[in-house]
Amino acid sequence: MGKKVVKGRIMFYVFSIMLFIFIIFNSLGPAAKYHKEILVHIPKGSSTLEIAILLEKKQVIKSNIAFVAYYKIFGKDKKLKAGYYMLDSRSSTPQIIDKLNSGDISVINVTIPEGYNVKQISDVFSAKGIINKSKFLTLAKNGDFKYPFLPTKNNKNSYRLEGFLFPDTYQIKVGSTEKEIIEMMLDRFAEVFTKKDQEKAARMNLSSVKIITLASIIEKEAKLAVDRPVISSVFHNRLNKGMRLESCATIQYLLGKPKTKLSYDDLKIVSPYNTYLHKGLPPGPIASPGKAAIRAALYPARTDYLYFLAKSNGAHVFSKTLEEHVLAKEKYIK
């Protein structure tokens, strides 16, 4: 074999190797130019290739071949650990390997807005991919949670935990069980609804469940912070006089999906939650009230108001008599 042929083959092999290395290293960069957090579960016992294929499928890396090649050459001293990870699509393959080697199991920030009900809360967690919605709702309905402020298991409300899953921003460790997440929210509720608050409710002849039920209605009715204590005073005044609360918020809870405008037929729905038909408070809360709504329920403004209606800008108009209320309707509601 001639020297030129040998030299040619060597150059070919060198070129091929260099091309391979170039392709591999070019495939080690970020999978995307934009920021996107991607939740990835690395199962126990996964091989390097299985992990690489999973990451490519999740669009976290460009190439599973490049991942394996880089790991075999440069990452043998690193151990890819099982668990849940929140990975950034802009991270390079070496950065991804470092992340999996660190065992830095991800924590997801989840914000539950004030006024969300149990079903809406389950939707938020489910959308993040961190709960089984059916399990969550089952626990919220009749789970065994021993907190003094909770209603008994044989209560008539839709979900036993309705109103007590405190709205806040939570750092959820990925892999947490539905029960652990619920207990985190109940613990937060216990921090906000203090023993002093419970004693205040008792002096008002209201149980913890009733005061939170009232707070949940205030939360759903009030659009402006300044209106909360005044709306609370209206409901307290009506309760003291034995009047029906006639809260549209309780009807919206019955409907499941909010309507922009309720019909007269909606107000006739037969249910203990229909405060247009039944006097007093409904069987339980209709949503999770925030701290301000709870404070408003405990410390209402001192007024003689018995009626209120919402204007188009969210502010409320308050009236002492039915005649005043009718005039306000004529003025503000077309």
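**View 1. Asp 197 sits in helix 8, which spans residues 195-203.** This is a predicted model. Leaving aside residues up to four places away in sequence, Asp 197 touches Arg 295, Val 192 and Leu 298.

**View 2. Tyr 70 and Phe 74 make one of the eleven aromatic pairs in the structure.** The ring centres of Tyr 70 and Phe 74 are 4.9 Å apart and the planes meet at 40°, so call this pair tilted. Both residues belong to helix 3 (residues 64-74), four residues apart, or about one turn of the helix. Tyr 70 is buried at 18% relative accessibility, while Phe 74 comes out partly exposed at 44%.

**View 3. Tyr 253 and Tyr 273 form another tilted pair.** Here the ring centres lie 5.2 Å apart, with the planes at 45°. This pair links distant parts of the chain: Tyr 253 is in helix 11 (residues 248-255), and Tyr 273, 20 residues apart from it, is in the loop between helix 11 and helix 12 (291-298). Tyr 253 is buried, at 17% relative accessible area, and Tyr 273 is buried too, at 4%.

**View 4. Five rings join up in a cluster: Tyr 147, Phe 149, Phe 164, Phe 189 and Phe 193.**

**View 5. Two charges sit over rings: Lys 179 and Arg 238.** Lys 179 lies over the face of Phe 145, 5.9 Å from the ring centre. The charged end of Arg 238 is over the ring of Tyr 307, at 5.2 Å from its centre.

Notes. Residues numbered from 1 in each chain as written. Predicted model: local features only at pLDDT ≥ 70, side-chain atom pairs only at ≥ 80, totals over all residues. Heavy atoms only, no water. Helix = DSSP H or I, 4+ residues; strand = E, 2+ residues; numbered from the N terminus. Contact = heavy atoms within 4.5 Å. Phe/Tyr/Trp six-rings, centres within 6.5 Å; stacked < 30°, edge-to-face > 60°. Buried < 20%, exposed > 50% of the residue type's maximum accessible area, 1.4 Å probe, protein only. Lys NZ or Arg CZ within 6 Å of the ring centre and 35° of its normal.
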